[in-house]
Amino acid sequence: MLKEFKEFAMKGNLVDIAVGFVMGAAFNKVVASFTGGIVSPLIGLLFDSNFNDLKYIIKEGAMNDAGEKVGEVAVLYGEFLTNVIDFIIVAFVMFLIVKGVNNMKKKEEEAPAAPAGPTQEELLMEIRDALKK
């Protein structure tokens, strides 16, 4: 059973998926940093506030003894929109990668075709000539 598991774990596709998963996680951090540090502030200029802090307050909270708001209920739509932008960027880059890989595969498949054999008419003429003999 151990040998079988080792064969399964070392299959090319599984290793490729694992590498892709790790690369995707690292890429997601880069995109989140890009969105949080560059895109969100630029969009925040439109709202004249920090984009991630945008929220719709449903119920106001009360101040406790430590000076913190407690009991506030709010919809954090700024953070949600940041995550949507992250997703769109990641999805677009993945689309470009898949498109590039598919184009490379098409070029490999477009290898020169094998030389064409005799046509059907030529074969029939050969059969006819062979039957005449």
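What you are looking at is a predicted model, in which local features need pLDDT of at least 70 and side-chain atom pairs count only at pLDDT 80 or more, while totals for chains, interfaces and linings use all residues. Residues are numbered from 1 along each chain as its sequence is written, and side-chain values use heavy atoms, with hydrogens and water left out.

How confident is the predictor in the protein chain? The score to read is pLDDT, the predictor's confidence in each residue, from 0 to 100. The chain has a mean pLDDT of 81, with 92% of its residues at 70 or more. Confidence is lowest in helix 1 (residues 2–9), where the mean is 76, and highest in strand 4 (residues 73–75), where it is 89. The helices (H or I, at least four residues) and strands (E, at least two) are DSSP runs, numbered from the N terminus.

Back to Asp86, which sits in helix 3 (residues 77–109). Asp86 is buried yet has no salt bridge. Buried stands for under 20% relative accessible area, exposed for over 50%, and partly exposed for anything in between (1.4 Å probe, protein chains only). A salt bridge, in turn, is a side-chain nitrogen of Lys or Arg within 4 Å of a carboxyl oxygen of Asp or Glu. Which side chain of opposite charge is nearest to Asp86? That is Lys29, and it is 13 Å away. For charges, Lys and Arg count as positive and Asp and Glu as negative; His and the chain ends are not counted.

Thr82 also belongs to helix 3. Its relative accessibility is 7%, so Thr82 counts as buried. Not counting residues up to four places away in sequence, Thr82 touches Thr35, Ser40, Phe51 and Asn52.

Gly78 is another helix 3 residue. Is Gly78 buried or exposed? It counts as buried because its relative accessibility is 0%. With residues up to four places away in sequence left out, Gly78 touches Phe51, Asn52 and Leu54. Phe51 and Asn52 turned up in the list for Thr82 as well. For a sense of scale, Gly78 and Val15 are 63 residues apart in sequence and 37 Å apart in space, C-alpha to C-alpha.

Now step to Leu76, in the loop between strand 4 and helix 3. Leu76 has a relative accessibility of 45%, so it counts as partly exposed. Setting aside neighbours within four places in sequence, Leu76 is in contact with Leu54 and Lys55. From Leu76 to Asn28 there are 48 residues in sequence and 21 Å in space, C-alpha to C-alpha.

Lys55 brings us to the salt bridges. How many does the structure hold? There are two. In one of them, the side chains of Lys55 and Glu72 meet at 2.9 Å, N to O. This pair links distant parts of the chain, 17 residues apart: Lys55 is in the loop between helix 2 (12–47) and strand 1 (56–59), and Glu72 is in the loop between strand 3 (69–70) and strand 4. Lys55 is partly exposed, with a relative accessible area of 36%, and Glu72 is partly exposed too, at 27%.

Arg128 and Asp129 also form a salt bridge, at 3.4 Å, N to O. Arg128 is in helix 4 (residues 120–132). Both ends count as partly exposed, Arg128 at 43% relative accessibility and Asp129 at 36%.

Finally, look at the surface. Tyr56, Ile58, Val73, Val75, Tyr77, Phe80, Leu81, Val84, Phe87 and Ile88 form a nonpolar patch there, with about 970 Å² of accessible area together. Such patches are made of residues with over 30% relative accessible area and no salt bridge: nonpolar side chains (Val, Leu, Ile, Met, Phe, Trp, Tyr) are joined within 5 Å, like charges within 9 Å. The areas come from the Shrake-Rupley method with a 1.4 Å probe, and for residues only the protein chains shown count as cover.

Which elements each supply at least two residues of the patch? They are strand 1, strand 4 and helix 3. Helix 3 gives the largest share, six residues. Val84 is in that helix and is partly exposed, with a relative accessible area of 30%. Arg128 and Val84 are 44 residues apart in sequence and 71 Å apart in space, C-alpha to C-alpha.

Methods. Contact means heavy atoms within 4.5 Å.
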